[in-house]
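Please walk me through some local features of this structure, from backbone geometry to charged side chains.

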Amino acid sequence: MAVTQQEIENRLWDAADELRVAMPEAQYSSVVFPLMFWKYLSDTWEHTHQTFLMENEDLDLSAEEADEVEYSNYQTFKIPFIFPGTVAESRASWSSILATVAQHGLGQRVRASLQAIESANPDKFSRIFGSMTWTSEAVLPGEVLASVMRTMNRVPKMHEGNMSHDVLGGAYEYLLKRFSDGSGTRAGQFFTPREVVELIIELLGPKNHESVYDPTCGSGGMLIAAANHLKAHGGRGYTLSLNGQEAVTDTAGVARMNLFMHNLTEFKVEVGDTLRDPRFKKPDGSVKQFDVIVANPPYSLKWKPWTNDPRAIGGIAPQSSADWAFVQHMIASMDPKKGRAGVVLPHGVLFRGGQEGAIRQSVLDHDLLEAVIGLPANLFYSTTIPTCILVFRAPGTKAPERQDGVLFIDASARFTKAKNRNVLTDVDIANVVTAYHSRSDGGEEADLSARFVATTEIVANGYDLNIGRYIKQAAAEQEDLGTLIDAYNIARAERQKAEQRMLAVLSAAGIEGFDE
């Protein structure tokens, strides 16, 4: 009888749970994902290898010659030999190393195998397994690693002849979510809740043969969701060009493995700081442009501001928060004919003044912002504050009824309480998407309100995009503690600057006694 999806997920979690004696749950992913992907590659290679042997049993070839023939005509990647020419020579496969788990130095052999696979397949698997610090005996004792491998080996063979990519990808996504549920704020570095991802992708609607880009791609969930969305709507997800950049090397490896496990091979995931060193560029050095740009960047990230960068439309974001810098990068990355972008950010980007206010004004003056969608509080693993989705369109590409204005949607009351956080249901997502595509104000129905606001009204409000200014029902919800503290700190800082300027003027005039 076939093993069910749930049984596969349970067995994978049992393997992960073997780590509990050696490390906190927040670190499980750094071990389990490389091992799971290694097993998947090995099972896939060995399945194809058996086909090769059956069809070429009469060939009289050396091991090296056979490897070349097999790779040229059967395999799509190599599982090379490790320690060649020695007594310990063996294939860098899961089954080969599993047979030696009782021997001393297991971590060293695992590391050598993973490095050999990376080296043998530089175009596909360069640095995919991450830093591999867990292969050190000091980090993960050999007996614990052996227990994890033995338990994971109870998962059925992970190749296409035995298990569909839908099942494989589902199992990978299950572990991502499970690790996120148990790892608190750290999860926000690489995992965006499924329903938020699906909402953004539904809003942007990728089409066949389009390019999709996530400048802070984490585990690659938004890229995968784009392909899944297209497939679910009768399109061909495999025709998408998927592109991502991630600052953390190990997390970029998780993204690459995730994409492979979902049978998506037309992708490119680069490592680096997107703001400081964007890796996707045109020959002239400007940033490359894409049809669909999606992101859930780190909120209010402290950064080193640009000094001279063409992405800085309207000014340069302050050192205290890179929120608008990420938006500027996404705007610069939009294809001029059909580019559109969706980003999740905290509410502060809607009303904060100073340099951020100047950027917001420029974006609105250029009519780039299409929609502001207020989301419920406590949706994310990394923060409880309410967030919003901003949707942008390339200059001049808005629908006629959306030009010279912004659509506001308040979905802050649309959620279901779950164990650790609030969630958006499929119905909630569908209703928001319907309101977004509606050609009229969405009215006030079932805790969801929408209103199109002309740019002239926004200008009259000082370019403030606070949803509560335009949809009355949102005003109360937006008076959350986080937003109030944010506004207070901004006002306090501005007051202190004004006082410092005043004291400097008084001091220059020889007037003292105003130190308090």
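D367 sits in the loop between α14 (354-365) and β8 (369-374); helices (H or I, at least four residues) and strands (E, at least two) are DSSP runs, numbered from the N terminus. The model is predicted, with pLDDT of at least 70 needed for local features and 80 or more for side-chain atom pairs, while totals for chains, interfaces and linings use all residues. Residues are numbered from 1 along each chain as its sequence is written, and side-chain values use heavy atoms, without hydrogens and water.

D367 has a positive phi of about 55 degrees, yet is not a glycine. Most residues other than glycine have a negative phi. D367 is buried, at a relative accessible area of 16%. Buried means under 20%, exposed over 50% and partly exposed in between (1.4 Å probe, protein chains only). N378 also is no glycine and has a positive phi, of about 60 degrees. N378 belongs to the loop between β8 and β9 (387-393).

Now to charge. E9 lies in helix α1 (residues 5-17). E9 is buried but has no salt bridge (a side-chain nitrogen of Lys or Arg within 4 Å of a carboxyl oxygen of Asp or Glu). R178, the nearest side chain of opposite charge, is 8.1 Å away; Lys and Arg count as positive, Asp and Glu as negative, and His and the chain ends are not counted. Leaving out residues up to four places away in sequence, E9 touches G170, A171 and Y174, with contact meaning heavy atoms within 4.5 Å.

D60 is in the loop between α2 (28-55) and α3 (63-73). D60 is exposed, because its relative accessible area is 75%.
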